[in-house]
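Welcome! Let us take a walk through this structure together, from the whole chain down to its parts.

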Amino acid sequence: MAAKPAILVSRKIFPDVVEHLRPHFEVDHNDTDGVLTPDQLIERLQGKVGAMTTGSERIDGAVAAACPALRIVANIAVGYNNFDVPALSAAGVVATNTPDVLTETTADFGFALLMATARRLTESEHFLRAGQWNRWALDMFAGAEVHGSTLGILGMGRIGQAIARRGALGFGMKVIYHNRSRLDAATEAACKATYVDKATLLREADHLILVLPYSASSHHAIGAAEIAQMKPTATLINIARGGIVDDAALAQALKERRIAAAGLDVFEGEPRVHPDLLTVPNVVLTPHIASATIQTRRAMAMLAADNLIDYLVKGQPRTPLNAE
Ligand code: DGY
């Protein structure tokens with residue numbers, strides 16, 4: 001019997017997903033929470049035709065050149081800024097991601113972070129845990145209204161639309177959005193969202209949520225100049241990617257109360273967090289967990305596994321980012 005092709009799973013995943021792969025492949029599984037260094041990754045990829053990766057591993061032309069057997073990389077994420085897709089295409093390596101399976105879960109979290117930020121959930125909990133609560137007071141931890149306010153969405157893909165629906169239908173919010181391209185009228189009507197230019201979005205949003213992909217053109221899409229255009233009472237929520245926000249400029253603005261608060265699930269250079277963000281009280285910080293429910297993370301891993309199987313065994317990946 002011919003030997004099975006070899007693949008690498010770069011991080012700990014669900015055991016049943018590994019079992020799903022085993023009938024088809026020799027699986028080299030880095031069954032730890034440790035991120036392989038670039039050198040370790042290249043070493044482990046030798047002779048491997050496929051890899052399941054996460055946003056923590058950079059896969060570019062240099063990796064493709066150093067690993068000539070590699071035919072497909074399947075990211076366990078919808079975002080793929082850790083891939084150099086044009087370079088992988090040039091090297092004949094198929095790249096895939098995990099769209100759709102995380103849309104609603106990520107939108108739920110976006111809303112949770114918005115609510116926690118607007119209503120000062122973590123700040124007030126820390127106060128209580130520190131034993132500082134000794135009386136009820138009318139203005140204690142008074143935050144910003146969510147229902148009936150204006151929700152601004154920057155980036156209106158699947159997750160942006162799912163957030164718009166929650167805001168408009170669940171909380172009676174006025175929803176405005178800005179995107180590279182305007183949605184068609186039927187989609188706008190379904191999520192009750194109105195297209196505006198970026199300046200209007202910044203000026204009018206009570207809560208501005210970022211859901212756009214990271215690229216050279218979205219780097220620091222929100223910096224000091226953009227924050228200066230926002231309402232002093234506004235909140236800013238980033239569940240997209242670090243690097244879209246200039247974290248140093250944001251920390252300074254939060255310190256000076258130029259906007260009311262921020263909720264951040266992603267950071268420039270994560271897992272490092274800008275030290276100034278750790279010292280300001282009006283920010284809610286979470287460690288890149290927007291899609292983290294057990295069901296969704298499992299579905300993401302399973303879709304990445306199916307991309308490997310469908311491409312390497314059947315010839316056609318499910319959710320390709322490029323053509324071979
Ligand atoms: C995604 O799917 O892109 C999430 O951010 C996890 O990396």
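Here is a short tour, starting with the overall form.

This is a predicted model, in which local features need pLDDT of at least 70 and side-chain atom pairs count only at pLDDT 80 or more, while totals for chains, interfaces and linings use all residues. Residues are numbered from 1 along each chain as its sequence is written.

The chain has 12 helices and 12 strands; these are DSSP runs numbered from the N terminus, with helices (H or I) of at least four residues and strands (E) of at least two. Its radius of gyration, taken over C-alpha atoms, is 21 Å, close to the 20 Å of the globule rule (2.2 Å times the number of residues to the power 0.38) for 324 residues, so the chain is as compact as a globular protein of that length. Along the principal axes, the C-alpha trace spans about 75 × 50 × 30 Å.

Now look for the sheet. Seven strands make up an open, parallel sheet in the order β8-β7-β6-β9-β10-β11-β12, where two strands pair if DSSP finds at least two bridges between them. At its edges are β8 (193-195) and β12 (283-285), each pairing on one side only.

Within the sheet, β9 (residues 207-210) runs parallel to β10 (residues 235-238), and four bridges join them. Here leucine 208 stands opposite leucine 236 in β10.

Finally, turn to the ligand. Which residues are around the ligand? They are Gly55, Ala77, Val78, Gly79, Leu102 and Ser291, each with its C-beta atom, placed from the backbone, within 6 Å of the ligand.
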